[in-house]
Amino acid sequence: MGTPVQTEPSAEFERRVDQLLDGLPFPVFRTDLQGVTRHANAAAEALFQLGRSTFEGRPYDQPPIEVSQVDGSPIEFADTPVPKALRGQEVRDFEINVRIGGGELKRICFDGSPLRDPQGRIAGALVAARDVTAQRAAEDALKMSERRLNAVFDNTRMAVFLMDERQHCVYANSAAEALTGYSFSEMQGRPLHDVVHHTRPDGRPYPLEECPIDRAFPEDNQTEGEEIFVHADGSFYPVAFTASPLRDEASKTVGTVIEVRPIADERTRERQLREGREFLRELLNSTGEAFYAVDRDGVTTLVNPAFLQLLGFADESQALGRKLHGIIHHTHADGRHYEAEDCPIYKAANEGVPAHVEGELFYRLDGSAVPVEYRAQPIVVGGELRGAICTFFDISDRLAAQREIEEKTAALEEQTRALRVLNAASAAISGDLDLERVVQTVTDAAVELTGAEFGAFFYNVLDEAGGRYTLYTISGVPREAFSKFPMPRNTAVFQPTFEGTGVMRSDDITKDPRYGHSAPHHGMPAGHLPVRSYLAVPVRSRDGEVLGGLFFGHSQPGMFSALDEERIVGLAGQAAIAIDNARLFQASQWELEARRRAEADLQALNARLEERVASEVAERTKAEAALRQAQKMEAIGQLTGGVAHDFNNLLTVIMGGLDTIRRSAPEDVARIRRAVDMATKGAERAASLTSRLLAFSRRQPLAPKPLELNAVVRDMTDLLHRTLGEQIELEGVLAPRLWQVEVDQNQLESAILNLAVNARDAMPDGGKLTIETANTALDETYAALDAEVVPGQYAVISVSDTGCGMDKATLAKVFEPFFTTKEVGRGTGLGLSMVYGFVKQSGGHVTLYSEEGQGTTVKLYFPRFKGAAAVDERPAVAETPRASKGEVVLLVEDNEDVRAYSALILTELGYVVREAGDADAALQVLRSPQRIDLLFTDVVLPGDSGRVLADEASRLRPGLKVLYTTGYSRNAIVHHGRLDAGVELISKPFTFEQLAVRVRDLLDRPAAARPPS
């Protein structure tokens, strides 16, 4: 587009334009093409309060008034309407600040347009002005009001929507956006129904004409209620709404204000409150404790079913809204009227004073009274006293139980008092031998027990000559009250007592049919104490003799009960015993006197009796010693007989074998070998027999070492299988973590084998043998049953069989030497005795259990060993070891045959042998410079023993090795059944191989210091 054509207008054109401008009602200015003001109409003069001449001739950028931009900054005149209009542009609503008359600041709005001549060329500019000061102030006020309204709406929790006359949304606050899930921009210009209320929860469309919110505008009326809105995420939520018509200044309806709040939480709270109230009502109605509430005026506001039931009300209507004090609480328990102002329940309601009352009466509607315990608690709401609630319950059962307890307590106290009186009387008379004092004590106690006004005890007394006479004692009244009356006679009233036929108790003796029939008084004599209640009890001795009677009276009828009668009967029994004792004492005194008279005669007789007794005792002592000797000899005879029997058998075999050898021809090798074997077996059996005898006597030398019983049993399994045979099943039950023991392994294995052989013989048709191990403890209680058992921890090995078992007679002798149940020739009778002796010598214990037809179990208990486990050092001997390097053995033996036999073996083994018959001869050799590698000595020697010899040899030759031998050693090298530490022993008899192994083993060991003896 090119530059607009401009031309200077003619004067006529300018005049006509100015005339036209003067006729306009609003201010207008005209400029020429240079922007100089050429004309201002009258309206312009009035607006700016300046004359026309002030404007005319001034360039547009040099106004005669103070001007600025709306924000107060200087004006850029190049952007004003005049230059833009001269360039052919239309300018609208150019606002600036103008200070009028140098004081008031006004807002002026200018519009600019090009002034064109008839040919359409720009001839200047026309600028119209209008005062918008008031309009802008009103608009600013409206904007401020809107901002304030928005601030109010945005800070309220209520969702607010403004709808125009078309019911399109023109405003929604932030709460509305949060509630619906839509922003205002998404809702603006749309019907609210289409946004959040278009669908029902069941998915059906919701027509607009059915919407109660939308009816507020057409009906010009406020509507409210509850509806279901649809959230932006598609979920439904309940709301409460209020839709109100929006009116302008002319009261014309121009829109709708809709206020909405979510009510899901309210509904939940209402439901919870409703359920809580229902629960509270159910709780109050279900409680067994009655209650009712009153306001400050005492009017009942609440009751529960327990209240209605307890006090006889048919329903709540009979109680609610009424003052119940005069109906249920009008009278004290003592009958006095109960004023309402004194009632703790009403004081709690009016004064706020809580109360806890027990024992007052509430009254039912039928007038009957109920004892109650109640609590009155003030009801305070928001710091204001509103009334009180009273909870109460019937205490009739409690009061009845309390009365029963009080009655029982009183009865118990009475029984205690009576028992105290009886105990005191019993204690007083039990050791009292004074008859008069005894009967007085009994009478006083009886009066106190029964509550009688008086009592009497008439009793019979014996003199030294056996005569009888009657005395009496009185209690409760002076003796003079009865002294003027004669002794009671055996009348119908007194007869049951004096004859001891029964107790007589009467509530009123004057009305008893037996009373008043005896002359001369026909009742009580004149001056006698009045008696209505009567109680009489006979006193009988152990043999039934009537010793007397207790009589009690009271001037009032019905004073003596059955309990009184029972107590006096018991006291009468104690009195009888005391009287018997007193009589016995009296009789004993008389007897003592007679005895003293006979003492002189007895002294002489005693002198003679002492001599006879001493002689008798001496004879009896002699007889007892003879009996013990006979029993000892019988036991020794049994033992020696068994030994002689077995040894004779063995010697027969040995001698027979040797005799056969002597008579055989040298070339008969087979016969000689059989004879040698036969003699050797006999000798071995003889050695075994002596070993068993030593075991039974607990004199065999043991070499104990730490052992695992389970390992011993496992190692013996093959041997036991071969011994038992195929018909007997062998089972082992070995306990884990079994404690170690310290015993002689050879003797233990021999004991187990002995028990297994006995079990095999008890099961001829086969059976089962079980060997079991376990840990156990024997306590002091068990040890008290057996003096040889030491309390402590033990490892047990049990050997059980399913054989024939033993009867009690057999069990009693089972450990005796040479006792056997086997047929002749099958047993020595020393097996179990050897086992018993070995276990006892090892510090253990043996038990044996057996039942006929069920089997037998033998348990061997060995003390637990807590030291370190031993290492098995048994070497495997391939062949008989022999001497080397010219080793010298000093042989000391007092028996020439044994010494010769031992020397023969040692020489055959290659040793140089030095012989000695006793310790002295041996010491001579030891003191010489001869080489000695080993001292082989018998323990028992004439003179000094082998142990003494060995000690001296060690002193003379330190490090000298010593080997002992013995057939029986009591205390020299064996103590408490065990070899002394460091002692090496080979028991007699020994074989060639045994001696060879022991000597070689000892010589091959490194030298070690011998322990002191």
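At the start of helix 25, a side-chain oxygen of Asn895 comes to within 3.0 Å of the backbone nitrogen of Asp897. Such a pair is a polar contact, defined as two N or O atoms within 3.5 Å; within protein, one must be able to donate a hydrogen and the other to accept it, and residues adjacent in sequence count only if both atoms are side-chain atoms. The model is predicted, so local features need pLDDT of at least 70 and side-chain atom pairs count only at pLDDT 80 or more, while totals for chains, interfaces and linings use all residues. Residues are numbered from 1 along each chain as its sequence is written, and side-chain values use heavy atoms, with hydrogens and water left out.

Helix 25 covers residues 896-908. Helices (H or I, at least four residues) and strands (E, at least two) are DSSP runs, numbered from the N terminus. The 13 residues of helix 25 reach 18 Å from the first C-alpha to the last, close to the 18 Å expected at 1.5 Å a residue; the expected span is 1.5 Å times one less than the number of residues. Buried residues in helix 25 are Arg899, Ser902, Ala903, Ile905 and Leu906. They lie on the same side of helix 25 because they cover an arc of only 160° around the axis, the arc being that of the directions from the helix axis to the C-beta atoms. An α-helix has 3.6 residues a turn, so residues three or four places apart point the same way. On the other side of helix 25, Glu896, Asp897, Leu904 and Glu908 are exposed. Here buried means under 20% relative accessible area, exposed over 50%, and partly exposed in between (1.4 Å probe, protein chains only). The cover over the buried residues of helix 25 includes strand 29 (888-892), strand 30 (912-916), strand 31 (934-938) and helix 28 (992-1004). Just after helix 25, Gly910 has a positive phi of about 100°.

Thr965 is located in strand 32 (residues 961-966). Thr965 counts as buried because its relative accessibility is 3%. Leaving aside residues up to four places away in sequence, Thr965 touches residues including Phe936, Thr937, Asp938 and Ile986, where contact means heavy atoms within 4.5 Å. A polar atom of the Thr965 side chain lies 3.0 Å from the backbone oxygen of Ile986. Gly946 is 19 residues from Thr965 in sequence and 9.1 Å from it in space, C-alpha to C-alpha.

In helix 12 (residues 344-351), the buried residues are Pro344, Ile345, Tyr346, Ala348 and Ala349. Among the elements they pack against are helix 11 (325-328) and strand 14 (355-363).

Arg567, in helix 17 (residues 562-663), is buried because its relative accessible area is 10%. Apart from residues up to four places away in sequence, Arg567 touches Glu414, Gln415, Ala418, Leu422 and Leu449. Ala42 belongs to helix 2 (residues 42-48) and counts as partly exposed because its relative accessibility is 44%.
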